[in-house]
Amino acid sequence: MNTDALLPGTLRPHAEQEYATELAALAATDPRPRPPGWRLSPWAVTTYILGGALPDGTPIAPKYVGDRRLVEVAVATLATDRALLLLGVPGTAKSWLSEHLAAAISGDSTLLVQGTAGTPEEAIRYGWNYARLLADGPSRHALVPSPIMRAMSTGALARVEELTRIPSDVQDALITVLSEKALPVPELGEEVAAVRGFNVIATANDRDRGVNELSSALRRRFNTVVLPVPETAEQEVAIVTRRVAQLASSLELPELPSALEEIRRVVTVFRELRAGLTEDGRTKLKTPSGTLSTAEAISVVTQGMALAAHFGDGVVRPADVAPGIVAAVVRDPVSDRLAWQEYLEAVVRERDAWADFYRGCRDLV
Amino acid sequence: MTTYYLGIRHHGPGSARAVASALDRLRPECVLIEGPPEADAVAGLAAAEGMAPPVALLAYATDDPSRAAFWPFAEFSPEWQALRWALAAGVPVRFCDLRAAVQFAPVLEPDPDGPEDLERAAEAVRFDPLTELARAAGYDDTERWWEDMVEHRLHGPGPFEEVGEAMAALREQAPPLPAAAQRREDQREAAMRTALRRATREYGSVAVVCGAWHVPALATLPPASHDSALLRGLPRTKVTCTWVPWTHGRLAARSGYGAGITSPGWYHHLFTTHDHVVERWLVKVARLLRAEDLPVSSAHVIEATRLAETLAALRGRPLAGLTELTEAVRAVYTGGADAPLALVRERLVVGDLLGTVPADAPTVPLQADLDRLCGRLRLKPEVEAREYDLDLRTDLGGGRSRLLHRLRLLDIDWGEYLGGRSGAKGTFHERWRLDWRPDLAVRVVEASVWGPTVADAAATRVREVAARAETLADLTALVERTLWADLPSALATVMTALQAAAAVDSDVADLLAALPPLARAGRYGDVRGTDAELLASLVESLVVRACVGLPAACAHLDTEAATRLRGLLAEAHAAVLLVDLPELRDRWLDTLSRIAGRDSLHGLLDGWLTRLLRDTGRWDAAEAERRMGLALSVGVPPDRAASWIEGFLRQGGGQGSALLLLHDPVLLGLVDRWISGVPADTFPDVLPLLRRTFGGFPDPERRELGRRLRDPRAAARPVDVALDPRRAALVRPVVALVRGVP
């Protein structure tokens with residue numbers, strides 16, 4: 001486990017640092033067999049992610065709120081030595097889950113390749129320390145290993161974020177790693193073989209599929225788990241409320257009276273439009289092109305709170321969240337506007353308690 | 001004397017396997033099966049040539065086929081296995097439940113719930129203790145617990161003893177049922193015990209195959225008088241039993257006569273596969289997806305198998321179940337996509353297996369009902385084609401029309417509809433050509449899964465079609481067919497589906513086209529109270545949606561599209577007026593008046609809208625004149641102006657009339673000035689349009705138009721509107737009668 005002392009003032013500690021006590025307690029009480037290279041058994045990993053209580057009473061905080069089955073599929077995938085691809089719209093906790101899986105299984109969530117349009121092949125294979133290379137010629141000392149290579153040699157989990165943002169030719173460098181479980185270094189005439197316990201968790205954005213679609217050779221080496229948006233309105237309201245409170249305190253917004261009513265409204269609007277169906281199940285709706293994820297709901301509410309705190313009377317009112325909602329929904333000026341207007345006229349207008357909100361939105365369109 | 005109690009889960013493949021092997025081992029001399037005793041007579045058909053499950057036992061009241069009940073069986077139903085075993089072994093087999101007659105006889109005491117609801121209530125309570133048991137074993141889902149404990153035990157001795165003990169414990173703690181449901185439950189068990197007593201008197205060893213829940217009630221027999229007291233006074237109705245073909249899809253249906261099994265295809269697989277259940281299933285799925293051009297290789301199958309088995313181990317299950325397999329398919333085969341999974345569900349998990357029954361099975365009630373109706377309506381199935389002209393105002397004509405329309409909904413195309421009832425005008429005649437083909441008899445048997453009478457079956461079928469229909473146009477057509485077939489009970493379902501489809505359909509043309517039949521339904525159709533409300537709200541939501549989309553839909557159309565849209569708008573407008581909701585009408589006209597006058601609007605539509613808004617009184621004459629002045633000003637291209645005139649003067653695309661111009665000298669002056677002002681080089685371009693517009697007017701009007709244009713003073717002369725109050729009063733009662741106002 002990563003035992004580096006936490007520096008005071010660190011903005012965001014790694015998962016294995018923040019939850020070091022929980023991980024230690026789980027490891028101590030876990031009687032079940034552990035796959036080679038794993039610090040915990042698959043059961044304990046599932047408990048760590050979903051929360052629970054240990055036999056000795058130590059509470060384990062839930063890290064991911066959602067379907068237990070999905071987490072089980074993810075853990076079982078890693079246990080069968082297959083690479084895991086987490087798919088989902090932005091804001092569905094893909095990176096969050098991948099970080100915690102790596103922390104629980106390998107005790108190290110830092111072996112990370114951030115995928116961008118400019119990610120070079122060196123980030124997946126290896127690079128060279130050119131001063132050394134020129135001075136001594138090719139040797140192990142001149143070689144700069146990538147996070148993947150380090151994970152292979154230590155038998156740990158490597159994480160690849162935003163896999164589909166990486167150019168296709170660079171993506172394909174992963175194929176050898178995943179199928180041969182070895183990385184050849186032709187310059188030295190040798191190879192780095194993966195130690196048991198090595199595996200890869202990649203995340204990709206559902207909506208970005210078209211950016212750099214995975215080749216079928218690469219796709220075949222991943223098991224895919226799609227992370228959905230929260231299942232029930234209550235669940236989503238709880239997530240939004242919690243995150244908004246955290247954000248408000250870190251942004252040092254003035255204390256506001258509870259904005260629960262508006263949070264509920266934002267979540268309701270987002271859920272209904274996302275699902276194309278009203279919560280009472282009676283009216284179908286057109287779905288706008290935006291993702292309308294929980295993360296966006298959080299930002300709409302934070303924005304509304306900022307508006308209310310700095311320009312309003314300190315109470316979050318429908319008019320404060322309306323601009324944020326409209327901006328999030330109407331991404332495409334033609335089809336989204338149509339969907340939004342239909343929603344306003346057919347649904348919002350009919351709800352008695354929503355009259356203020358209707359007026360606030362109507363003025364904006 | 002020995003009695004073997006084989007407690008089962010209905011339609012459980014594990015139970016079926018256990019029952020079959022237990023019977024082989026025990027070799028009882030008589031087999032009792034939970035089911036209606038009236039069916040004893042047709043039980044033998046189960047082994048006949050041409051009998052292949054899924055099939056259903058059907059019992060109906062002989063004098064009223066609409067009172068009927070089905071007992072569906074699949075290959076993997078334990079009851080079916082017991083039946084087949086007994087017939088193969090030549091051992092007598094009897095059904096031992098309460099008589100079917102009791103189930104659909106009218107309930108004597110006032111009781112808010114029907115018999116079916118009683119059964120449901122009992123089912124709910126029965127299931128709940130099982131949930132407790134499952135929770136105690138660490139399962140969050142009863143079905144899965146039962147599967148793991150019982151269904152997945154592929155080999156080894158049956159679990160009957162343990163199950164019986166568990167049920168006994170459960171029955172002690174079960175919460176009480178509603179009184180009526182409890183009485184029915186007691187009667188059923190009394191009937192089973194009575195049958196058991198009789199069988200044990202006659203035979204040395206008897207096996208009872210019944211729902212596990214009932215086993216403890218049969219294990220100890222109270223005195224016979226106790227049971228006969230319970231069964232005394234039950235109604236007796238003459239019942240006919242037969243077999244009908246069933247489908248896996250109908251087994252999966254939750255409503256109606258469905259058995260509520262969510263995965264008959266999977267159960268079938270479990271029952272018919274003896275080894276490598278997981279691998280074989282994943283291969284099946286892989287082959288299905290490959291046939292649909294999805295790349296699924298053998299490597300995928302290997303990985304999916306590993307994942308499914310690891311998941312099962314992680315969850316502590318003895319064998320990967322459907323849940324694990326589906327999750328593995330999603331993670332490995334489809335890359336997280338749900339669309340291929342829906343296909344897997346439809347084709348494999350539910351499956352499309354259709355059963356068959358022998359040709360000599362007794363007549364199905366649908367056929368009996370059809371014969372009865374044919375007799376009453378004096379129609380004879382003849383192979384020679386004959387044409388009928390039906391007068392819908394007579395009982396006979398109306399009845400025949402209803403029957404033929406209903407049969408068409410059931411795909412029994414006896415009659416070919418030759419038209420004659422044009423939608424909007426509604427004449428009272430329909431022409432049909434009737435031609436009975438022998439294969440239609442087979443269709444009748446097939447259609448009997450939908451219901452026991454023509455009306456019931458057609459209604460069920462309409463509901464099913466409505467649930468599957470995807471486009472608005474399909475549903476609109478269905479509304480009309482449902483109305484013709486006079487099935488008010490199914491209409492509500494169709495309309496609900498229509499509402500859902502309207503919400504996601506972004507084509508305004510579709511929305512507009514859906515309006516007229518609905519409006520006609522509300523106005524002229526035979527619609528009951530609740531339906532009328534639903535209809536009104538549906539029309540309202542369609543109009544609201546159309547109003548939102550209309551401005552964009554009207555912009556930048558070519559002549560062809562504009563003409564089409566004008567036709568749709570005209571019909572929709574008539575529909576809006578027909579439903580007669582002032583608020584809706586205002587909203588509609590508001591939208592139209594906002595659209596009119598836009599530059600992006602085709603001249604034809606603009607002119608037409610202006611005229612419409614003038615005629616409905618939304619705009620006064622002065623406003624209409626102003627609009628016409630704008631449309632015919634110098635800045636407007638001549639071809640646009642010409643099509644504007646066409647739209648304005650030819651309402652509804654008919655031949656049009658010059659009366660408006662004759663009555664309004666200002667409008668006439670505007671048109672005259674414009675035509676005079678068209679430059680010589682563009683005049684030939686607009687000439688065809690103008691000729692089409694004015695050429696259609698009746699001759700006298702054209703002559704009068706010419707006369708006034710030659711003599712401006714005649715144009716200025718007001719039209720003679722002197723009214724003779726005495727003569728007008730004579731007409732008033734007739735006008736009042738026609739308009740329906742006092």
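This is a predicted model: local features need pLDDT of at least 70, side-chain atom pairs count only at pLDDT 80 or more; totals for chains, interfaces and linings use all residues.
Where is the place of A:K181 in chain A? A:K181 sits in the loop between α9 (173–180) and β8 (182–185) of chain A. Helices (H or I, at least four residues) and strands (E, at least two) are DSSP runs here, numbered from the N terminus. A:K181 has a positive phi of about 55°, although it is not a glycine.

A word on how things were counted. Residues are numbered from 1 along each chain as its sequence is written, and chains are lettered from A and ligands numbered from 1 in the order in which they are written.

The model scores ipTM 0.77 and pTM 0.68. As for pLDDT, this is the predictor's confidence in each residue, from 0 to 100. Chain A averages 85, and 93% of its residues score at least 70. For chain B the mean is 81, with 87% of the residues at 70 or more. Two stretches of chain B can be picked out. Over residues 106–116 of chain B, pLDDT stays under 50, and the model has 9 contacts beyond four places in sequence for them. Over residues 422–426 of chain B, pLDDT also stays under 50, and here the model has 2 such contacts. Contact means heavy atoms within 4.5 Å.

Now for where the two chains meet. Chain B puts 29 residues into the contact, and chain A puts in 29 residues. About 2,500 Å² is buried between them, and carbon and sulfur atoms give 60% of that. Buried area is the accessible area (1.4 Å probe) that two parts lose on being put together, summed over both. On the chain B side, B:L314, B:R545 and B:V548 lose the most area to chain A, together 23% of what that side buries.

Next come the helix pairs of chain B. Axes are lines fitted to C-alpha atoms, for helices over the stretch in contact, and angles run from 0 to 180 degrees between N-to-C directions. Angles under 35 degrees count as roughly parallel, over 145 as roughly antiparallel, 65 to 115 as roughly perpendicular and the rest as oblique.

Helix α19 (residues 454–468) and helix α21 (residues 488–504) of chain B pack at about 5°, with their axes 9 Å apart, so α19(B) is roughly parallel to α21(B). From α19(B), the contact uses B:A459, B:V462, B:R463 and B:A466, and from α21(B) it uses B:S489, B:A490, B:T493, B:V494 and B:A497. By class, this contact has 6 nonpolar, 2 polar and 1 charged residues. Ala, Val, Leu, Ile, Met, Phe, Trp, Tyr, Cys and Pro count as nonpolar, Asp, Glu, Lys and Arg as charged, and the others, Gly among them, as polar.

Helix α12 (residues 277–291) and helix α13 (residues 298–314) of chain B pack at about 135°, with their axes 10 Å apart, and α12(B) and α13(B) are therefore oblique to each other. The residues of their contact include B:L282 of α12(B) and B:V301 of α13(B); by class, they divide into 6 nonpolar, 2 polar and 3 charged.

Helix α7 (residues 179–202) and helix α9 (residues 224–231) of chain B also pack at about 135°, with their axes 9 Å apart. Among the residues that meet are B:D186 and B:R197 in α7(B) and B:H226 and B:L231 in α9(B).

Finally, the peptide bond from B:P53 to B:P54 is cis, with omega near 5°. B:P54 lies in the loop between β2 (30–33) and β3 (55–61) of chain B.

Technical notes. Side-chain values use heavy atoms; hydrogens and water are left out.
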